[in-house]
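Let's walk through this model together, one region at a time.

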Amino acid sequence: MRVLVPGHGHPTDRAGALARVDADRRYLDLIAAGGRVGEDRDARLGDPWTRGEHERQVAALRSRGSG
């Protein structure tokens, strides 16, 4: 693979794609375990849209009794 064009975000190379997957896994593991995720742990949360999606995901997990 030379370039990945994701459904959202910017095109990237293999290293960038692997870094995104790693960041997503760490993020999901942390919120599933009930941990706090802030900009200090995930810089992507500095974006207002991403922050809103994060808050909805955490609320959905809590409403299901996870976290």
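Where is Gly35 found? Gly35 sits in the loop between H1 and H2. Before going further, a word on ground rules: this is a predicted model, in which local features need pLDDT of at least 70 and side-chain atom pairs count only at pLDDT 80 or more, while totals for chains, interfaces and linings use all residues. Residues are numbered from 1 along each chain as its sequence is written, and side-chain values use heavy atoms, with hydrogens and water left out.

Now for the overall layout. The chain has two helices and zero strands; helices (H or I, at least four residues) and strands (E, at least two) are DSSP runs, numbered from the N terminus. Helix H1 covers 14–32 and helix H2 covers 48–63. The C-alpha trace spans about 40 × 20 × 20 Å along its principal axes. Of the 67 residues in the chain, 19% are buried, where buried means under 20% relative accessible area, exposed over 50%, and partly exposed in between (1.4 Å probe, protein chains only). Contact here means heavy atoms within 4.5 Å. Among contacts between residues at least 6 apart in sequence, 20% join residues at least 24 apart.

Arg2 lies in the segment before H1, and it counts as exposed because its relative accessibility is 77%. Setting aside residues up to four places away in sequence, Arg2 touches Thr12 and Asp13. Moving into helix H1, you will find Ala15, which is 13 residues from Arg2 in sequence and 9.9 Å from Arg2 in space, C-alpha to C-alpha. Ala15 is exposed because its relative accessibility is 54%. Ala17 also lies in helix H1, but Ala17 counts as buried, at 10% relative accessibility.

Next, return to the loop where we began. Gly35 is partly exposed, with a relative accessible area of 28%. Gly35 and Asp13 are 22 residues apart in sequence, and their C-alpha atoms are 30 Å apart in space. Further along, Asp42 also lies in the loop between helix H1 and helix H2. Asp42 is buried because its relative accessible area is 9%. What does the side chain of Asp42 make a polar contact with? Its partner is the side chain of Arg44, at 2.7 Å. A polar contact is a pair of N or O atoms within 3.5 Å; within protein, one must be able to donate a hydrogen and the other to accept it, and residues adjacent in sequence count only if both atoms are side-chain atoms. Asp42 also touches Tyr27 and Val37, not counting residues up to four places away in sequence.

Tyr27 and Val37 lead us to the largest nonpolar core, whose five residues are Tyr27, Ile31, Val37, Leu45 and Val58. A nonpolar core is a set of buried Ala, Val, Leu, Ile, Met, Phe, Trp, Tyr and Cys residues joined through side-chain atoms within 4.5 Å. In soluble globular proteins, nonpolar side chains tend to be buried together. Leaving aside neighbours within four places in sequence, Ile31 is in contact with Val37, His54, Gln57, Val58 and Leu61.

His54 deserves a look of its own. His54 is found in helix H2 and is buried, because its relative accessible area is 7%. Its side chain makes a polar contact with the side chain of Tyr27 at 2.8 Å. Apart from neighbours within four places in sequence, His54 is in contact with Tyr27, Ile31, Val37 and Leu45.
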